[in-house]
Amino acid sequence: MSMRSSAFPQTPSCELKGSGFTFTVLKVFDPTPERVVSDVRRRIDQAPGFFKGAPIIVDVQAVEQVAWTIAALVEALRALELIPIAIRGADPIHEQQARDLALGVLNETRSSAVDSQPKAVERNMPARLITEPVRSGQQVYAKSDLIVVGPVSHGAELLADGNIHVYGALRGRALAGLRGDRTARIFCRSLEAELISIAGYYRLADDLEPAQRGQPAQIHLDGENLHVQAL
């Protein structure tokens with residue numbers, strides 16, 4: 001009897017791998033949908049390109065109310081074009097509501113893994129050097145450090161797995177430590193950014209002190225807070 005070959009190839013169709021990603025975490029204090037929509041929309045309007053379609057983890061640990069539902073909160077966030085993927089810090093009732101909506105449920109161990117497993121930045125790679133101004137609508141990415149000699153216009157975006165250096169005015173958005181490197185820093189000769197971010201932790205222009213705007217600065221992460229220091 002002849003052996004029939006398998007109808008399927010020998011190579012696997014897929015594989016599961018552990019990996020570390022940096023996600024935006026929305027910390028909720030009052031889950032009233034109208035209040036959440038109002039506050040989040042104000043943030044989105046300041047940097048729409050950064051938040052549109054962004055996957056987020058919803059942290060409800062600080063919520064003290066009982067009579068609220070995950071479904072109403074998720075519906076409100078999706079209406080803002082955000083994509084809730086998991087909740088954190090929920091009680092058993094709201095955890096089950098999240099599972100019913102096909103959301104992930106993170107306990108402290110799992111959520112810590114999400115926040116603290118950055119991929120190693122390839123420090124042995126040379127920095128990417130940009131000698132021309134970065135204009136509105138442009139996006140520049142570097143797998144290591146990113147150095148920009150000229151100014152960065154409003155509406156431009158700088159992305160780097162390592163540090164970002166701007167030897168000119170930094171407007172637009174600058175996101176360092178893109179793979180979760182919490183030691184990454186941002187340096188600039190004039191801080192006028194719409195948004196600055198390190199390892200997923202960000203500050204918007206409205207969060208900057210008036211004395212910090214237009215000044216030489218370095219930005220680094222301390223715990224979960226971005227610190228802006230004068231140069």
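This tour moves through the model stop by stop, saying what to select and what is there.

**Before you start.** The model is predicted: local features need pLDDT of at least 70, side-chain atom pairs count only at pLDDT 80 or more, and totals for chains, interfaces and linings use all residues. Numbering runs from 1 along each chain as its sequence is written, and side-chain values use heavy atoms, without hydrogens or water.

**Stop 1: helix H3.** Select residues 70-79, which form H3. Helices here are DSSP runs of H or I with at least four residues, strands are runs of E with at least two, and both are numbered from the N terminus. Ile70, Leu73, Val74, Ala76 and Leu77 are buried. Buried means under 20% relative accessible area, exposed over 50%, and partly exposed in between, with a 1.4 Å probe and protein chains only. Look down the axis of H3: the buried residues fall within an arc of 160°, so they line one face of the helix. That arc is taken from the directions between the helix axis and the C-beta atoms. An α-helix has 3.6 residues a turn, so residues three or four places apart point the same way. Now turn to the face away from the buried side, where Glu75 and Ala79 are exposed.

**Stop 2: two positive phi values.** Step to Glu81, in the loop between H3 and strand E3 (83-88). Its phi is positive, about 65°, although Glu81 is not a glycine. Glu81 counts as partly exposed, at 46% relative accessibility. Next, pick Ala102, in the loop between helix H4 (92-100) and strand E4 (104-106). Ala102, also a residue other than glycine, has a positive phi near 65°. At 70% relative accessibility, Ala102 counts as exposed.

Stop 3: Select E6, residues 139-142. Gln139 stands opposite Glu157 in E8.

**Stop 4: Asp181.** Asp181 lies in the loop between strand E10 (173-176) and strand E11 (186-191). Asp181 is buried, at 11% relative accessible area. Show Asp161 too: 20 residues separate the pair along the chain, and their C-alpha atoms are 7.1 Å apart.

**Stop 5: the open sheet.** Display six strands in the order E5-E7-E9-E11-E14-E15; they form an open sheet with mixed pairing. E5 (128-130) and E15 (225-230) stand at the edges, each with a single partner strand, so one side of each has no neighbour in the sheet. Zoom in on E14 (residues 217-222), which pairs with E15 in the antiparallel sense over six bridges. Ile219 stands opposite Val228 in E15.

**Stop 6: the largest pocket.** Finish at the largest pocket, which is lined by 35 residues. A pocket is an open set of points on a 1 Å grid over the protein atoms alone, where a 1.4 Å probe fits, with protein on both sides within 12 Å along at least five of seven lines; lining residues have an atom within 4 Å of a point. Val25, Leu26, Lys27, Arg43 and Tyr202 lie nearest the centre. Strand E1 (24-27), helix H1 (33-46), strand E13 (201-204) and E15 each give two or more residues to the lining. H1 supplies the largest share, eight residues.

Terms used. Pairing = 2+ DSSP bridges.
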